[in-house]
Amino acid sequence: MSVKVRERGSADAAGVRRESARERVRTLARPVGRALTRFRMLPWLLAAALVAGAVGVGVLDYKVHQENQAGQRDQAVLAAARQEALNFISIDYRNFAQDSKNVLSGATGDFKQQFTDESNTLQSLVDQNKAISSGQVLQAGVMTSSASAARVLIVADATVANTAAPSGQVRNYRLQMDLVEQGGQWLTSNIEFVG
């Protein structure tokens, strides 16, 4: 009988071992099953990540493009404002007609009309005093700008010589200029002397 018990004990032990082996396999298989479920989701997750990345790159590219356009526009505005300010403060009684044309070529709207209206009076003053004003723009900065309008501040100096001061005097100018875009060109619509 002891032999049978031993055999039964061995059979029970082998059965327990088989059960515990099955449980171990099941225990190991559960995470693998979960991982396989996750791997089924992996292509979808990768696709979603790629789409989100592409959208992010597109938005970033658009913002960089907009900033580049704004920077180029501001450079064009500054170049036009600098030139018009220089034309405005540089006048020579010997070349008044050409100097006036230079101012008017960069002007529009109210400023153009005012300069045209006052041109004869200005010419008689310049001729009478034999005035020569030679200017330089020291600094310029865009205050505001959009696709069609801008406001610029200009700091400039001019050496003004006339019959009262033949050796010349330095004058400082602070100008606020409003510009508008017309036909691909930035033109000055207003100039004000500021503090």
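Trainee: Read along the sequence, what pattern does the chain follow?
Mentor: This is a predicted model, where local features need pLDDT of at least 70 and side-chain atom pairs count only at pLDDT 80 or more, while totals for chains, interfaces and linings use all residues. Residues are numbered from 1 along each chain as its sequence is written, and side-chain values use heavy atoms, leaving out hydrogens and water. There are three helices and five strands (DSSP runs numbered from the N terminus: H or I, at least four residues, for helices; E, at least two, for strands). Along the sequence they run α-β-α-α-β-β-β-β.

Trainee: Is arginine 94 buried or exposed?
Mentor: Arginine 94 sits in the loop between strand S1 (91-92) and helix H2 (96-105). Buried is under 20% relative accessible area, exposed over 50%, partly exposed in between (1.4 Å probe, protein chains only). Arginine 94 has 54%, so it counts as exposed.

Trainee: Which residue's side chain does arginine 94 join in a polar contact?
Mentor: Such a contact is a pair of N or O atoms within 3.5 Å; within protein, one must be able to donate a hydrogen and the other to accept it, and sequence-adjacent residues count only if both atoms are side-chain atoms. Here the distance is 2.7 Å, and the partner is aspartate 92.
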